[in-house]
Amino acid sequence: MADFNTRDPLSPAFWDERFEKQFTPWDHGGVPSRLRSFVAGSPAPLRCLIPGCGSAYELVFMLDHGWDATAIDFSPAAVAAARVIVGERAGQVVEADFFAWEPVAPLDLIYERAFLCAMPRAMWPQVAARWAQLLVPGAMLAGYFFFDDNAKGPPFGISKEKLQELLAPHFDCLADEAVDDSIAVFAGKERWMSWRRRADWGGPVNFR
């Protein structure tokens with residue numbers, strides 16, 4: 001394993017160092033199968049946000065299917081890596097802080113892939129609150145959730161009970177499915193889930 005100087009995953013430098021040293025064990029290297037079927041089965045293209053996008057393979061797949069998708073990451077090195085993957089559509093990858101970024105129009109979907117589990121557990125209520133703030137009633141939160149009780153991370157695993165506690169105030173769970181193409185770091189510990197934003201939301205997002 002490479003030696004690292006930065007140990008705080010809340011710092012962009014933590015992720016910069018790992019991308020620069022090509023230590024990215026969370027990177028699927030492509031588009032996972034359940035997302036492929038989710039995109040293909042959508043009755044219409046969606047406006048989607050991919051927070052903590054890493055290399056952003058999923059962004060390419062969404063754009064190829066006509067989706068209005070934006071990928072964000074606060075790590076300059078991650079953004080640079082993603083823009084290489086995305087190529088001529090690199091403008092859809094934005095260097096931004098998830099907690100400050102604002103959509104220009106209402107989102108239909110936030111895609112979760114190794115973003116929540118990259119955050120220290122103390123940050124999870126803020127992540128869940130931001131998901132709820134960014135999504136209008138009827139919009140979706142969908143993707144892969146990592147379940148584990150290992151104290152160390154990232155990835156920081158969650159329990160089913162804790163995830164329910166975080167999301168139940170604002171979301172209804174629509175799907176909870178086993179995953180059969182996980183990479184090693186997530187194998188046997190992740191599930192595909194989709195959640196719909198309920199209509200008990202208190203106010204608008206400030207669209208630019």
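Begin by selecting helix 5 (residues 124–134) and helix 6 (residues 160–167), which pack at an angle of about 45° with their axes 9 Å apart. Helices (H or I, at least four residues) and strands (E, at least two) are DSSP runs, numbered from the N terminus. Axes are lines fitted to C-alpha atoms, for helices over the stretch in contact, and angles run from 0 to 180 degrees between N-to-C directions. Helix 5 and helix 6 are therefore oblique to each other; angles under 35 degrees count as roughly parallel, over 145 as roughly antiparallel, 65 to 115 as roughly perpendicular and the rest as oblique. Their crossing is right-handed, that is, the near helix is turned clockwise from the far one by less than a right angle.

Next, display the side chains at this crossing. Helix 5 contributes W124, P125, A128 and W131, and helix 6 contributes K162, L166 and L167, where contact means heavy atoms within 4.5 Å. By class, six of these residues are nonpolar, none is polar and one is charged. Here Ala, Val, Leu, Ile, Met, Phe, Trp, Tyr, Cys and Pro count as nonpolar, Asp, Glu, Lys and Arg as charged, and the others, Gly among them, as polar.

The model is predicted: local features need pLDDT of at least 70, side-chain atom pairs count only at pLDDT 80 or more, and totals for chains, interfaces and linings use all residues. Residues are numbered from 1 along each chain as its sequence is written, and side-chain values use heavy atoms, with hydrogens and water left out.

**The whole chain**

Of its 208 residues, 48% count as buried; buried means under 20% relative accessible area, exposed over 50%, and partly exposed in between (1.4 Å probe, protein chains only). Among contacts between residues at least 6 apart in sequence, 68% join residues at least 24 apart.

**Helix 3 and its surroundings**

Now select residues 57–64. Six of the eight residues of helix 3 are buried, so this helix is largely enclosed by the rest of the structure. The buried residues are E58, L59, V60, F61, M62 and L63. They pack against helix 2 (33–41), strand 1 (47–51), strand 2 (68–73), helix 4 (76–86), strand 3 (93–95) and strand 4 (107–113).

The crossing of helix 2 and helix 3 is right-handed. L35, R36 and V39 of helix 2 meet E58, F61 and M62 of helix 3. This contact has four nonpolar, no polar and two charged residues.

**Backbone and loop stops**

Most residues other than glycine have a negative phi. Select A56, in the loop between strand 1 and helix 3, where phi is positive, near 65°. A56 counts as buried, at 2% relative accessibility. Beyond helix 3 comes G66, with a positive phi near 85°. Move on to A114, in the loop between strand 4 and helix 5; A114 has a positive phi of about 60° although it is not a glycine.

Finish at F186, in the loop between strand 6 (171–178) and strand 7 (190–197). F186 is buried, with a relative accessible area of 3%. Select F147 as well: the C-alpha atoms of F186 and F147 are separated by 8.7 Å, with the two residues 39 apart along the chain.
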